[in-house]
There are 2 protein chains.
Amino acid sequence: MKTKAELIPECPVAITVQLIGNKWKLLIIRNLLQRPWRFNELQRDLDGISQKVLTDSLRSMEADGIITRTVYPEVPPRVEYALSELGHSLQPILDAMKAWGENYKAGL
Amino acid sequence: MKTKAELIPECPVAITVQLIGNKWKLLIIRNLLQRPWRFNELQRDLDGISQKVLTDSLRSMEADGIITRTVYPEVPPRVEYALSELGHSLQPILDAMKAWGENYKAGL
């Protein structure tokens, strides 16, 4: 059986792409960099995402240690998603994407 | 009819995600940051990419002005893909992804 370290790519860019190289994950991370979000809030904000894809994306990022899922014992239970420390360390990538997008828009 | 500027998202991160927020495009850009590549070279290097997905990704990035496609009049014709100036300006995003991947790997 392979260890986690053996399953990940050699190339560091490929590692990052494997974990977050996906439209919806990147947009979820953009939102969670602001503050914790609830599932329904995310679904409303991410125009066009299905419930299944949002669920799968959140579970996958939780399994990879990028986000945390906290259930507050209320009625009905409140569930919040937040970035872990590892997730917060993605900030420079999102900052670079923001700067590039601003520059692209200015050039249109 | 909407102009190109009206079709793009308000959020600069969403603009970048719309243009390059995709596993294969990010890996193609990683390769083209080194030097121009030929189609078959890219297909060999990008483990698991189909001919159709590689063709579609390259066409889409060419249409978005991120890469150029140059046909050299040889027999058989040689076709090379390279980053445009706009494509080269993606370097800081890929640099941040590389740094994050290295850090992630070091923490395993």
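Predicted model: local features only at pLDDT ≥ 70, side-chain atom pairs only at ≥ 80, totals over all residues.
## A tour of the two-chain model

Now pick A:Thr68; its bridge partner in S3(A) is A:Ala82.

**Stop 1: the sheet of chain A**

The 3 strands form an open sheet, ordered S1-S3-S2, with antiparallel pairing. Strand S1 (37-38) and strand S2 (67-72) are the edge strands, and each pairs on one side only. Strands of a sheet pair through backbone hydrogen bonds, either parallel or antiparallel.

Next, select helix H3, residues 23-32, of chain A. This helix packs on the sheet and touches S1, S2 and S3 of chain A. Set its direction against that of S3(A): the angle is about 95°.

**Stop 2: chain A as a whole**

Count 7 helices and 3 strands. Trace chain A along the sequence, and the pattern reads α-α-α-β-α-α-β-β-α-α. Show the C-alpha trace of chain A: its span along the principal axes is about 50 × 45 × 25 Å.

**Stop 3: the sheet of chain B**

Move to chain B and select its 3 strands. They make an open sheet in the order S1-S3-S2, and the pairing is antiparallel. Strand S1 (37-38) and strand S2 (67-72) of chain B stand at the edges with a single partner strand each, so one side of each has no neighbour in the sheet.

Look at S1(B) beside strand S3, residues 78-83, of chain B. These two run antiparallel, joined by 2 bridges. Pick B:Arg38 and find its bridge partner, B:Glu80, in S3(B). Now bring in H3(B), which packs on the sheet and touches S1, S2 and S3 of chain B. Its direction makes about 95° with that of S3(B).

Select B:Thr70: the residue opposite, in S3(B), is B:Glu80. B:Glu80 is also the bridge partner of B:Arg38.

**Stop 4: the two-fold axis**

Display both chains. What rotation superposes chain B on chain A? The rotation is 180°, with 0.0 Å of shift along its axis and an RMSD of 0.0 Å. That is why the relation is that of a two-fold axis. To find the axis in chain B, select B:Asn22, whose C-alpha is the nearest to the axis, at 2.5 Å. Both copies use the same surface: 100% of the contact residues of chain B recur in chain A.

**Stop 5: the interface**

Colour the contact residues. There are 30 in chain B, in contact with 30 residues of chain A. On the chain B side, the elements giving two or more residues are helix H1 (4-7), helix H2 (12-20), helix H3 (23-32) and helix H7 (91-106). H7(B) gives the largest share, 12 residues.

**Stop 6: H7 against H7**

Two packed helices are described by the angle between their axes and the distance between the axes. Select helix H7, residues 91-106, of chain A together with H7(B). Their axes come within 8 Å and cross at roughly 175°. H7(A) and H7(B) are therefore roughly antiparallel to each other.

Now show side chains. From H7(A), the contact residues are A:Pro92, A:Ile93, A:Ala96, A:Met97 and A:Trp100. They meet B:Pro92, B:Ile93, B:Ala96, B:Met97 and B:Trp100 in H7(B). By class, this contact has 10 nonpolar residues, no polar and no charged.

**Stop 7**

Finish with helix H2, residues 12-20, of chain A and H3(B). Their axes come within 10 Å and cross at roughly 165°. Over 145 degrees counts as roughly antiparallel, so H2(A) is roughly antiparallel to H3(B). The crossing of H2(A) past H3(B) is right-handed.

Which residues of H2(A) and H3(B) meet here? Select A:Val13, A:Ala14 and A:Val17 in H2(A), then B:Lys23, B:Leu26, B:Leu27 and B:Arg30 in H3(B). By class, the contact of H2(A) with H3(B) has 5 nonpolar, no polar and 2 charged residues. H3(B) is also the helix that packs on the sheet of chain B.

Technical notes:
Residues numbered from 1 in each chain as written. Chains lettered and ligands numbered in written order. Pairing = 2+ DSSP bridges. Helix = DSSP H or I, 4+ residues; strand = E, 2+ residues; numbered from the N terminus. Contact = placed C-beta atoms within 7 Å. Axes fitted to C-alpha atoms, helices over the stretch in contact; angles between N-to-C directions. Least-squares fit on C-alpha atoms with pLDDT ≥ 70 in both. Parallel < 35°, antiparallel > 145°, perpendicular 65-115°, else oblique. Left-handed = near helix turned anticlockwise from the far one by under 90°. Nonpolar A, V, L, I, M, F, W, Y, C, P; charged D, E, K, R; others polar.
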